[in-house]
Amino acid sequence: MKKQDFWLPFSFEERRPHLLKRLLFIPKYFLEHDKFSALSIFDRSFEKSQPMAIEYCSGNGEWIIEQCKKYPKINWIAVEMRYDRARKIWLKMHNQHCFNLFVVWGEAFTFTKFYLPSNMISSIFINFPDPWPKEKHAKHRLITPSFLDQLSRVTTDKGKITFLSDDLSYAQTMSSCAEVQGGWLPRFAFPYYCPDIPQDYGSSYFQNLWQGKNRKMHFMEFQKKIGAEGFEPPTYWSQTSRASQTALCPD
Ligand SMILES: C[S@@+](CC[C@H](N)C(=O)[O-])C[C@H]1O[C@@H](n2cnc3c(N)ncnc32)[C@H](O)[C@@H]1O
């Protein structure tokens with residue numbers, strides 16, 4: 001697959017949701033999202049029916065491409081709103097034969113609210129979302145109680161959210177949104193983040209960038225309250241990964 005293969009067969013004025021070889025394009029400035037159902041898209045796009053995980057804000061896809069290869073028994077969805085980055089992930093997906101990956105080129109909240117069926121996703125990952133550090137820009141942050149409402153709707157019982165950021169204020173926002181929304185059980189004691197990232201978590205472009213500059217990390221995990229009696233690691237993680245996870249932070 002080449003860069004030129006990533007194109008839309010209509011003009012901006014004719015914009016509409018569009019499927020292109022395991023890519024869903026979701027247009028901006030569009031009012032008819034609710035007329036579109038993505039239910040059968042995922043059924044038809046993946047070779048196998050198996051648990052599904054999403055990474056929001058995938059950037060150039062480094063983390064999710066690694067996960068697809070490491071966990072072939074999961075169907076993965078990468079969500080990225082920037083054209084150049086969505087194209088990068090899509091090209092890597094095809095050229096590296098990641099048949100268990102699907103790319104969404106669109107805005108995360110819109111995709112989740114209008115295109116994702118309920119009770120479908122086992123795990124959600126959000127790695128280094130744009131922090132919007134200035135107070136006046138904080139309204140642009142992806143994490144809000146309404147977004148967490150949507151995540152509760154689309155996740156299966158015992159579904160999980162993993163959030164990773166170098167930005168303290170954004171980690172605090174995640175903590176308070178989870179408290180306000182109320183449907184999520186934190187893995188770590190208040191303020192719910194831990195500076196250690198599990199050894200086999202994988203790595204992304206921004207993770208490498210900020211770790212190279214010795215920025216402190218804020219790693220958080222939440223489990224959907226419905227169906228969970230206490231925080232449980234997802235069943236597809238290896239035993240070693242579970243052991244290293246439980247050693248992370250004291251409650
Ligand atoms: C700081 S980068 C992190 C990229 C990647 N996760 C990493 O760790 O290298 C944040 C990415 O999120 C994307 N993004 C920000 N807000 C988004 C939203 N609401 N929906 C979809 N993508 C979003 C940006 O385009 C950008 O590529």
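Some housekeeping to begin. Residues are numbered from 1 along each chain as its sequence is written. Because this is a predicted model, local features need pLDDT of at least 70 and side-chain atom pairs count only at pLDDT 80 or more, while totals for chains, interfaces and linings use all residues.

Let's start with the sheet. Helices (H or I, at least four residues) and strands (E, at least two) are DSSP runs, numbered from the N terminus. Two strands pair if DSSP finds at least two bridges between them. Here, 9 strands form an open sheet with mixed pairing, in the order E1-E2-E5-E4-E3-E6-E7-E9-E8. Its edge strands, E1 (18-19) and E8 (184-186), each pair on one side only.

Look at E3 (residues 52-56) and E6 (residues 121-127): they pair in the parallel sense over 5 bridges. Within that pair, Met-52 stands opposite Ile-121 in E6.

Now, which strands does helix H2 touch? H2 (residues 62-70) packs on the sheet, touching E3, E4, E5 (101-105) and E6. Contact here means C-beta atoms, placed from the backbone, within 7 Å. The direction of H2 makes about 175° with that of E4; axes are lines fitted to C-alpha atoms, for helices over the stretch in contact, and angles run from 0 to 180 degrees between N-to-C directions.

Methods
Two residues are in contact if their C-beta atoms, placed from the backbone, lie within 7 Å.
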